[in-house]
Amino acid sequence: LAQLMQKQERLSHVADALEVEYREKSSVLEDDVTRSRGEMEIQLTAALREIEMLEGQLQDAQEEARDAREEAVRAKSEVDQRVAGIAEKQVEWALRDAEMSTEAVEARKEV
């Protein structure tokens with residue numbers, strides 16, 4: 001009976017020691033999980049901010065591209081109008097030259 005009591009007491013000490021070790025490890029693990037969650041939350045928040053910033057930059061770039069396209073269309077239209085005006089003047093000059101040449105030929109015929 002004394003031996004059983006000693007074994008029970010030793011087992012009780014072992015159980016107490018295991019319980020203390022379990023609580024310590026559990027506490028450390030809980031702290032690690034809490035710290036990891038905090039770190040992940042910080043990283044996630046930073047990633048979300050970066051995404052928002054990139055979305056803003058993308059929006060700005062799209063607006064700049066749209067403005068550049070509009071400016072290119074305006075510039076092309078202006079160039080087309082200028083070219084059409086130049087071509088019209090060249091036709092007028094060619095008609096005048098032809099008219100003057102015709103008048104010169106007729107004047108020579110009369111002489």
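## Ground rules

Residues are numbered from 1 along each chain as its sequence is written, and side-chain values use heavy atoms, with hydrogens and water left out. Since the model is predicted, local features need pLDDT of at least 70 and side-chain atom pairs count only at pLDDT 80 or more, while totals for chains, interfaces and linings use all residues.

## Overall form

Along its principal axes, the C-alpha trace spans about 160 × 15 × 10 Å.

How much of the chain is buried? Of its 111 residues, 0% count as buried (under 20% relative accessible area; exposed is over 50% and partly exposed in between, with a 1.4 Å probe and protein chains only). The chain exposes about 10,600 Å², and carbon and sulfur atoms supply 57% of that; areas come from the Shrake-Rupley method with a 1.4 Å probe, and for residues only the protein chains shown count as cover.

## Charges and salt bridges

There are 16 positive and 28 negative side chains, with the centres of the two sets 3 Å apart. Lys and Arg count as positive, Asp and Glu as negative, and His and the chain ends are not counted. Each charge is placed at NZ of Lys, CZ of Arg, CG of Asp or CD of Glu.

The structure holds 6 salt bridges (a side-chain nitrogen of Lys or Arg within 4 Å of a carboxyl oxygen of Asp or Glu). One of them joins K25 and E21 at 2.9 Å, N to O; these two sit 4 residues apart in helix α1, about one turn. K25 is exposed at 54% relative accessibility, and E21 is partly exposed at 35%. Another links E78 with R82, their closest N and O atoms 2.7 Å apart. Here E78 is partly exposed at 41% and R82 exposed at 55%.

## A nonpolar patch

L1, L4 and M5 make a nonpolar surface patch of about 390 Å². Patches use residues with over 30% relative accessible area and no salt bridge, joining like charges within 9 Å and nonpolar side chains (Val, Leu, Ile, Met, Phe, Trp, Tyr) within 5 Å. M5 belongs to helix α1, residues 2-110.
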